[in-house]
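Please read them with the model open.

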Amino acid sequence: MTIELPSFSPCDALVAVMVAVSASDQTYRTSELVAIQRSVDHYPVFAEYDDDRIRAISQTVITLFEDEDGIDALFGLVRDALPEKLFETAYALACDVGAADGRLYEGEVAMLAEIRHQLNIPRLHAAAIELSAQVRHRVL
């Protein structure tokens, strides 16, 4: 199957990374979708973003996940769109989505590892970002 790949804006790429974490275990939890929407609604990086694009970006990610080489294509789009200074931002947003429901599932752990690898996030930075997401999403 040949997929016609769109080009992503930097914000599209950030949304795609968040959606990838949510979709990685084939279950779209409400808490994860709310975390994506909340990030887009509140973080300064998305100040000029048209959040109506979330649905189209989500569909692109889901379509890519159905293709054998889709993950590689996804990360090619993400790396092409994101300036390097936003790589850690992308990882932080991905961790927030993964932590949103209070636990990480196997697919999410694997996707976060892939994001770390694809975006070349230094190990110490990744650990700090992961801990930050965990403590923000703790419950009593």
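1. In α1, V15, M18, V19 and S22 meet E32, L33, I36, S39 and V40 of α2; contact here means heavy atoms within 4.5 Å. The residues of this contact divide into six nonpolar, two polar and one charged. In that division Ala, Val, Leu, Ile, Met, Phe, Trp, Tyr, Cys and Pro count as nonpolar, Asp, Glu, Lys and Arg as charged, and the others, Gly among them, as polar.

2. The model is predicted: local features need pLDDT of at least 70 and side-chain atom pairs count only at pLDDT 80 or more, while totals for chains, interfaces and linings use all residues. Residues are numbered from 1 along each chain as its sequence is written, and side-chain values use heavy atoms, with hydrogens and water left out.

3. The axes of α1 and α2 come within 10 Å and cross at roughly 170 degrees. Axes are lines fitted to C-alpha atoms, for helices over the stretch in contact, and angles run from 0 to 180 degrees between N-to-C directions. The two helices α1 and α2 are therefore roughly antiparallel (angles over 145 degrees). Helices are DSSP runs of H or I with at least four residues, and strands are E runs of at least two, numbered from the N terminus.

4. α1 also packs against α6, at an angle of about 150 degrees and with the axes 8 Å apart; α1 and α6 are therefore roughly antiparallel as well. V17, A20 and V21 of α1 and E108, M111, L112 and I115 of α6 make the contact. By class it has six nonpolar, no polar and one charged residues.

5. A20, in helix α1, is buried at a relative accessible area of 1% (buried is under 20%, exposed over 50%, partly exposed in between; 1.4 Å probe, protein chains only). Not counting residues up to four places away in sequence, A20 touches V61, F65, L74 and M111.

6. The largest nonpolar core has 44 residues, of which V15, F46 and I115 touch the most other members. Such a core is a set of buried Ala, Val, Leu, Ile, Met, Phe, Trp, Tyr and Cys residues joined through side-chain atoms within 4.5 Å. Its largest share, 10 residues, comes from α1. Leaving out residues up to four places away in sequence, F46 touches C11, L14, V15, M18, S39, V40 and L93.

7. An unreviewed UniProt entry lists residues 12–126 as "domain: Co-chaperone DjlA N-terminal"; such annotations may be inferred rather than shown by experiment. The span is 70% helix and 0% strand, and its end C-alpha atoms lie 22 Å apart.

Conventions
Parallel < 35°, antiparallel > 145°, perpendicular 65-115°, else oblique.
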